[in-house]
Amino acid sequence: MPSSNGSGEVRNHLTVAEARAAILDTLTPVTGWERVAVRAALGRVLAEDVVAPYNVPAHDNSAMDGYAVRAADLAAGEVTLAVVGTAYAGHPFSGAVGAGQAVRIMTGAAIPAGADTIVVQEVTQRDGDQVRIPPGQRAGQNLRRAGEDLAAGGVALACGTLCGPAELGLIASLGIAEVAVRRRLRVAFFSTGDEIASIGRPLSPGEVYDSNRYTLYSALTRLGCELLDMGVIEDQPEALEAAFRAASQAADVVITSGGVSVGEADFIRQMMDRLGEVAFWKLAIKPGRPMAYGRIGNACLFGLPGNPVAVMVTYYQFVRDALLALMGVSPLPENLMFEARSTAALRKQPGRREFLRGTLQRQADGLTVTPAGAQGSGILRSMSEANCFIVLPEDNAGVAAGDLVLVQPFDGLV
């Protein structure tokens, strides 16, 4: 539904939230899968639940170094008990703890028969084969029960989990050597424009070096995608059509940069219309207003802007989560945002969401954020110097120095 911004200009651009929803509603995860060794599962998405084959921990064990005792012996307050042995992790005490007895026990060691409480060594006094236990102990303290972490037959990790270091450690703790993971997402990408030059040769007049393919390559590699880098495609309809056809036949997703605005030589949107369908191509966002989304054949297509910062903003706000959804990640990770105090005044007109690059710091009185240099959409250095986006919502009409603003940290995002 068209609406107007603060200057009275009518717009029919999608908001960030509308565009994200429109994209994610169209996506279905890839169905192929393979079985890989645990270490090879890093960065992959589970294609089935990982089920615990036995209890974790496998037996009741001690959470602390100390003494395994019977709670019944502690009822009278301070008590002196006879130490009848020692239990180590992997080498349990073979006997049983009787009345008036204690067993020296190490962290992780199985609880001896008859014992039901662990008294930490720091509060005890040892004298030869006897140990003095102070009053105030609680029955069952400092125990880890069998199955406390995972019960046998329970789901340890659900299908759709993105495997990181903790997940690999958990799988290994279950003695599982291989897991089923979804196949890698295939992504084709290329830059467009007669002015775009590949690195490695001198620039001709009016040319600029292609940085977008390198930022996209880096971001896509971090997600573990299988990549098809198609280079730079000139602004010629025949060349673009051939590139689109080849990319859509080889990949699940096609990402382009450049050529989606309204200039005479901007063919991407027209090509998408002719070969497939365009869901939308104008967003109420800065930078990144001209971003096309649609399909060609069985492939999703993202036509990103040409300016380097706009490419990175639109990738991280829209494309990254779409790729995770196609990879089968469920639920999608939340893009964390929180408030910090702006150290500078920020100009803005209502009507679109703006993503400035900022430097987030912790001061004695809380978090502050400062714009990271010049904010033009072609100034890639601002992304390199920043550690967060400063997010100014659609209804924001400017920020005074000292005002609270939303920030989206790069850590975990980029």
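In the predicted model, the charged end of Arg 104 sits over the ring of Tyr 67, at 5.4 Å from the ring centre.

Aromatic pairing was examined next. Six aromatic pairs are counted. One of them joins Tyr 315 and Tyr 316 in an edge-to-face arrangement, with 4.9 Å between the ring centres and 85 degrees between the planes. Tyr 315 and Tyr 316 are both buried. An edge-to-face pair is also formed by Phe 355 and Phe 389, with a centre-to-centre distance of 5.8 Å and planes 80 degrees apart. Phe 355 counts as buried because its relative accessibility is 2%, under the 20% cut-off. Phe 389, at 0% relative accessibility, likewise counts as buried.

Helix α1 spans residues 16-24, and its buried residues are Val 16, Ala 19 and Ile 23. Viewed down the axis of α1, these residues fall within an arc of 70 degrees and therefore line one face of the helix. The elements covering the buried residues of α1 include strands β20 (277-282), β21, β22 and β23 (299-304). Helix α6 (308-327) and strand β25 are also among the covering elements.

The domain assignment divides the protein into four entries. Domain 1 comprises 12-32 + 184-327, and domain 2 comprises 34-56 + 158-182. Domain 3 covers 61-144, and domain 4 covers 338-408. The C-alpha centres of domain 3 and domain 4 are separated by 57 Å.

Strand β24 (residues 338-342) pairs with two other strands, as described here. With strand β28 (residues 404-409), β24 runs antiparallel, and four bridges join the two. With strand β26 (residues 366-371), β24 pairs in the parallel sense over two bridges. Arg 341 takes part in both pairings: its bridge partner in β28 is Leu 404, and in β26 Arg 341 stands opposite Thr 368.

Most residues other than glycine have a negative phi, and most peptide bonds are trans. A cis peptide bond joins Val 56 to Pro 57, with omega at about -5 degrees. Pro 57 is located in the loop between β4 (50-51) and β5 (61-62). Another cis peptide bond lies between Lys 286 and Pro 287, where omega is about -10 degrees. The loop holding Pro 287 runs between β21 (285-286) and β22 (290-296), and both of these strands are among the elements that cover the buried residues of α1. Asn 142, a residue other than glycine, has a positive phi near 60 degrees. This residue lies in the loop between β11 (130-133) and β12 (143-144). Asn 142 counts as partly exposed because its relative accessibility is 26%, which falls between the 20% limit for buried residues and the 50% limit for exposed residues.

Definitions and conventions
Residues numbered from 1 in each chain as written. Predicted model: local features only at pLDDT ≥ 70, side-chain atom pairs only at ≥ 80, totals over all residues. Heavy atoms only, no water. Pairing = 2+ DSSP bridges. Domains from an automatic or database assignment. Buried < 20%, exposed > 50% of the residue type's maximum accessible area, 1.4 Å probe, protein only. Phe/Tyr/Trp six-rings, centres within 6.5 Å; stacked < 30°, edge-to-face > 60°. Lys NZ or Arg CZ within 6 Å of the ring centre and 35° of its normal. Arc of directions from axis to C-beta. Contact = heavy atoms within 4.5 Å.
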